[in-house]
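Student: I would like to know how the words used for a structure follow from their cut-offs. Can we go through some of them?

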Amino acid sequence: MTIEARHVIAAFVVIAIPLLAIQTDADNQEDQRKARQALRDLVDREQQAWDAGDAKALLACYTEDFMSAGAGARPNLTHWSQGQVGYTYKDLLENTSKADWSNTQKARIESEHYEHFWEVNHIHIGKSGEEAVLKTQMFWQNSDVDAGVIKQHSHSSVWMVRKINGTWQFHAAFAPVFAYNDEKPIPEEE
């Protein structure tokens, strides 16, 4: 090989390696973007399944060894230091198998003053790309006609998520990390 050919090859290598690194970085960013969107979609599917009373769709969002840990409805440091198992996949399976579960869920969203929304406010994907941590904020509002009030509840949760056979699923949760409950009078009709 001539000296000129070696210089051409060396110049090509000097140019090609940074270009490959740029492409690899762009590919990684695109993979991260897709994973983040898939994780947001998981939360959307899970919350929509609750509202729709769709047990099959709900259970598909969880691993079969899912477990939540909780501190109670009004968490504080003392409650968290005495944390307890909240619910498991087995509990979800048992509850969604009840004959009236789906109809009860559907009836809830048709009630007057019902609201339900959520957001994902933090995502961290592990180095392997197969595990992630999410933080979500949920909000519900229902009316209690007998008491004459609209009840509001909001809480944040931290979720551990795993990719199982290419699909993200909830593996564990800490909830609520923060909770808010309030009531306001049902407005009188004009």
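**From values to words**

Tutor: Tyr180 counts as partly exposed, because its relative accessibility is 36% and the class lies between buried (under 20% relative accessible area) and exposed (over 50%), with a 1.4 Å probe and protein chains only. This is a predicted model, in which local features need pLDDT of at least 70 and side-chain atom pairs count only at pLDDT 80 or more, while totals for chains, interfaces and linings use all residues. Residues are numbered from 1 along each chain as its sequence is written, and side-chain values use heavy atoms, leaving out hydrogens and water.

Student: Where is Tyr180 placed?

Tutor: Tyr180 is in strand S6, residues 167-185. Strands are DSSP runs of E with at least two residues, and helices are runs of H or I with at least four, both numbered from the N terminus.

Student: Which residues make the nonpolar surface patch?

Tutor: Phe174, Val177, Phe178 and Tyr180 make the patch, of about 370 Å². Patch residues have over 30% relative accessible area and no salt bridge; like charges are joined within 9 Å, and nonpolar side chains (Val, Leu, Ile, Met, Phe, Trp, Tyr) within 5 Å. Areas come from the Shrake-Rupley method with a 1.4 Å probe, and for residues only the protein chains shown count as cover.

Student: Why is the pair of Arg33 and Glu30 called a salt bridge?

Tutor: The closest N and O atoms of Arg33 and Glu30 are 2.7 Å apart. A salt bridge needs a side-chain nitrogen of Lys or Arg within 4 Å of a carboxyl oxygen of Asp or Glu, so the pair qualifies. Both residues lie in helix H1 (residues 3-52), 3 residues apart, about one turn of the helix.

Student: What makes Lys151 and Asp144 a salt bridge?

Tutor: Their closest N and O atoms are 3.7 Å apart, so this pair also meets the rule. By this rule the count comes to 2 salt bridges.
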